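Please open the model in a viewer, with the sequence panel alongside.

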Amino acid sequence: MEGVLAMQRRRVVTGQRSDGKAIVVGDEMIDPLTVTLAPGCEFYPMWGADAPPTLPQSGVKPRTSAWFPPPGGFRFTLLTIPPDSEVAPPADLASALAEAAEKLPGMLEAVDAEYPHMHTTDTIDFVAILSGRLWLEIDDGQEIELRKGDSLIQNGTRHAWHNRASEPCEMIAATIGARRA
C-alpha cells in the first residue's frame, strides 16, 4: 500500500441566505485522513457537529471535538478499508499510537485493550457498503459478511471490521451520538 496516492472525495454543501433562498456554499475536494496505525485505511470526515442541528443552516462546517459524536451530535464519514492481507503492524507502535490519537481523537479510547480490533462507541451507526466486502464481527466471534449495497444499523455494540477479500471496501457511515443507560 505504500506509495499509493489516496483518492480525494468531493463534498458539496448547501446553505440558506438570510432571505431563505437555497445556495451552494461549498464545493471542494476532501483529502482522507490516514494513520500509520491502520495502513491503507482512508478516513474522510465529510461533515458533523457536536450538537443537534438547527435550520436554517448557513452551510459553514461545524467544529467537532472528537472522532465520535457526543449525545445529540452526529458524523458523516466515508471510509476505505484495505484487505487484511495488505495490513502490517507499524514498526514504531508508540509513534503510530500518538499519531492516531492526534488525527482521530477519541478513536483509541473506544478500542478494547484485550482485543484491539474490537471497539464500542456510544453511537447509533448507519452504515452502507459502497464497494467491496466487509465482515462485521460481534461478541463470541459471530461474523456476518456485508457486500456492496448492504446496510447495517450498529446500535452501540462491541464490534470489529475485517476485510477478508482481496480488494478494498468502501463504506459510508452516518453516526449519531447516544447516551448509554
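A salt bridge is a side-chain nitrogen of Lys or Arg within 4 Å of a carboxyl oxygen of Asp or Glu. The model is a predicted one, in which local features need pLDDT of at least 70 and side-chain atom pairs count only at pLDDT 80 or more, while totals for chains, interfaces and linings use all residues. Residues are numbered from 1 along each chain as its sequence is written, and side-chain values use heavy atoms, with hydrogens and water left out.

**Stop 1: salt bridges**

Select D84 and R164 to begin. These two residues form a salt bridge, with 3.8 Å between the closest N and O atoms. The pair links distant parts of the chain, 80 residues apart: D84 lies in the loop between β4 (74-81) and α1, and R164 in the loop between β9 (159-162) and β10. Helices (H or I, at least four residues) and strands (E, at least two) are DSSP runs, numbered from the N terminus.

Are D84 and R164 buried or exposed, or in between? Buried means under 20% relative accessible area and exposed over 50%, with partly exposed in between, using a 1.4 Å probe and protein chains only. D84 has a relative accessible area of 31% and is therefore partly exposed; R164, with 44%, is also partly exposed.

How many salt bridges does a search of the whole structure find? The search finds 13. Select R9 and E170 next, whose side chains meet in a salt bridge (2.2 Å, N to O). This pair too links distant parts of the chain: R9 is in strand β1 (residues 9-16) and E170 in strand β10 (residues 169-177), 161 residues apart. R9 is buried because its relative accessible area is 16%, whereas E170, with 24%, is partly exposed.

Then select R17 and D19, where the side chains meet in a salt bridge at 2.8 Å, N to O. R17 is partly exposed, with a relative accessible area of 40%, and D19 counts as exposed at 53% relative accessibility.

**Stop 2: D112 and its surroundings**

Move to D112, in the loop between α1 (93-103) and β5 (123-131). D112 has 22% relative accessibility and so counts as partly exposed. Which residues does D112 touch, not counting residues up to four places away in sequence? They are M118, H119 and R158, where contact means heavy atoms within 4.5 Å.

Display the side chains of D112 and R158, which make a polar contact (2.9 Å). A polar contact is a pair of N or O atoms within 3.5 Å; within protein, one must be able to donate a hydrogen and the other to accept it, and residues adjacent in sequence count only if both atoms are side-chain atoms. The C-alpha atoms of D112 and R158 are separated by 8.6 Å, and the residues are 46 apart along the chain.

**Stop 3: the cysteines**

Select C41 and C169. A disulfide is a pair of cysteine sulfur atoms within 2.5 Å, and by this rule the count comes to zero. C41 is in no disulfide, the nearest cysteine sulfur being that of C169, 10 Å away. C41 is buried, with a relative accessible area of 15%, and C169 counts as buried at 0% relative accessibility.

**Stop 4: the aromatic pair**

Select F43 and W67. Rings of Phe, Tyr and Trp (its six-membered ring) pair if their centres lie within 6.5 Å; planes under 30 degrees apart count as stacked, over 60 as edge-to-face and the rest as tilted. The count by this rule is one aromatic pair. The ring centres of F43 and W67 are 5.7 Å apart and the planes stand at 85°, so the pair is edge-to-face. F43 belongs to strand β3 (residues 42-49) and W67 to the loop between β3 and β4, 24 residues apart. F43 is buried, with a relative accessible area of 9%; W67, at 13% relative accessibility, counts as buried.

**Stop 5: the largest nonpolar core**

Finally, select F43, V127, I129, L134, W161 and M171. Of the 18 residues in the largest nonpolar core, these six touch the most other members. A nonpolar core is a set of buried Ala, Val, Leu, Ile, Met, Phe, Trp, Tyr and Cys residues joined through side-chain atoms within 4.5 Å. The elements giving two or more residues to this core are β4, β5, β6 (133-138) and β10, and β10 gives the most, with three.
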